[in-house]
Amino acid sequence: MPTLAARMSRAKPSAIMAVAEKAKQLKAEGRDIVSFSIGVPNFLPGEHVYAAVRDALAKDSGQYGSNRGADALLDAFLHHLEGTGLGGYTRKNVAAGIGAKHVLYNLAEALLDPGDTIAFAVPYWTTYVDIAEIVDAKMRLMPCPASQNYKLTPAQLDAALPGVKVFLFNNPNNPTGMVYTKDEIAALADVLVKHPDVWIVCDDIYNRMVFDGIGYHNFVNARPELRERTIHVDSISKTYGMPGWRVGFIAAPEKVAQAFVTLNSNHITNVPEIVTAAAVAALAGPQDVPTQKCAEFQAKRDQVLAAMNAIPGVVCPRPQGAFYVFPDISCAFGKRHGERTIANDVDLCDALLEVKGVACVPGSAFGEPNALRISYTCPTAQLPEGLKRFREFFAELK
Ligand code: PMP
């Protein structure tokens with residue numbers, strides 16, 4: 001029998017999907033489940049997006065499109081970048097792919113040879129590990145526990161970067177919801193300037209979901225000389241409630257954007273025409289949906305954070321963006337809930353789901369086994385009930 005490629009023995013099924021599947025199964029059995037598991041927005045884009053799609057269908061060419069992305073799409077993204085505070089790019093700096101996930105794979109192929117090292121902070125978005133595994137890169141992990149607010153420090157970055165080819169940075173962060181302040185970004189940017197051989201990939205896809213008026217900040221604005229080796233990754237998935245439409249982008253030095261286009265020409269050819277119309281409408285049209293959703297998420301963040309802080313022993317740094325809260329729940333380890341022993345984060349999430357019908361993702365999926373992730377994109381009406389059950393569970397631990 002022929003064998004699969006060796007890399008497939010390293011690829012794991014998604015832990016997030018496993019929790020979601022189990023929750024779905026319990027729901028099908030008639031259980032009342034509150035899902036805090038999957039990180040998908042629970043809203044749809046504005047009507048103008050659907051109107052643009054209907055119009056595009058009426059005019060569909062049915063043809064292959066540009067490997068970089070249609071001009072209208074590139075221009076809409078450039079307009080969006082300006083709104084993000086990232087002006088100064090041209091069509092030659094940008095390109096589109098099939099969601100930020102595909103964009104990150106393209107970048108890994110464009111920037112990393114087998115054996116090169118990619119550095120990123122822990123906790124991390126699960127896919128970063130899979131991407132590194134698939135391109136046979138080495139990983140340099142920078143642990144950022146709750147005691148340092150899940151944030152990378154300048155000293156830590158400085159110590160980690162020698163020998164690194166790509167530094168991958170995620171702000172606002174999944175799974176922690178943490179957002180770096182202007183000063184924190186400036187301090188990290190000062191370190192990056194000292195390491196001129198490192199590419200900087202900024203996965204900023206939650207940049208429109210920042211709370212408390214602190215704003216989204218980036219290395220390029222802090223130290224303009226970093227622009228020549230920084231790549232910004234963006235996506236319509238979270239901002240516009242369009243994860244299934246699959247459109248992501250880069251803003252990058254021309255050389256990187258060109259390499260990305262070459263990969264597109266070999267992997268995907270183009271972002272489909274109808275999807276392009278939807279993305280253009282979302283990026284260039286009225287922004288009231290993302291603005292309103294961001295305000296709603298901030299109010300939900302307040303509810304979740306208050307609930308976590310009311311549980312003795314739970315440590316929960318204050319997230320200021322995205323739609324995640326990442327409490328350190330290690331105070332529960334070694335305790336019992338009824339007949340069950342809670343040895344770790346996986347036991348805790350299993351018990352929480354089976355006993356209380358609340359689905360959360362174990363922190364170990366993100367490299368931090370002392371925590372769990374709550375994604376608060378569930379319908380607002382379900383949130384108090386889910387949080388009540390969560391608190392009850394902790395109160396019942398012995
Ligand atoms: N980066 C981060 C940090 C994410 O959380 C996600 C989606 N969960 C992605 C990238 C991928 O997004 P997309 O839907 O655009 O592929």
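At what angle do helix H3 and helix H10 pack? This is a predicted model, in which local features need pLDDT of at least 70, side-chain atom pairs count only at pLDDT 80 or more, and totals for chains, interfaces and linings use all residues. Residues are numbered from 1 along each chain as its sequence is written.

**View 1. Helix H3 against helix H10.** H3 (residues 71-83) and H10 (residues 273-284) pack at about 25°, axes 9 Å apart. Axes are lines fitted to C-alpha atoms, for helices over the stretch in contact; angles run from 0 to 180 degrees between N-to-C directions. Helices (H or I, at least four residues) and strands (E, at least two) are DSSP runs, numbered from the N terminus. The two helices, H3 and H10, are therefore roughly parallel (angles under 35 degrees). H3 contributes Ala72, Leu73, Ala76, Phe77, His79 and His80 to the contact; H10 contributes Thr276, Ala279, Val280, Leu283 and Ala284. Contact requires C-beta atoms, placed from the backbone, within 7 Å.

**View 2. The open sheet of 7 strands.** Its order is E2-E8-E7-E6-E5-E3-E4, with mixed pairing (strands pair if DSSP finds at least two bridges between them). Strands E2 (94-97) and E4 (138-143) stand at the edges, each with a single partner strand, so one side of each lacks a neighbour in the sheet.

**View 3. Strand E2 beside strand E8.** E2 and E8 (residues 248-251) pair antiparallel over 4 bridges. Ala95 stands opposite Ile250 in E8. H3 lies across E2 and E8, at about 110° to E2. Helix H9 (residues 254-267) lies across E2, E7 (230-235) and E8, at about 30° to E2.

Terms used: Angles under 35 degrees count as roughly parallel, over 145 as roughly antiparallel, 65 to 115 as roughly perpendicular and the rest as oblique. Two residues are in contact if their C-beta atoms, placed from the backbone, lie within 7 Å.
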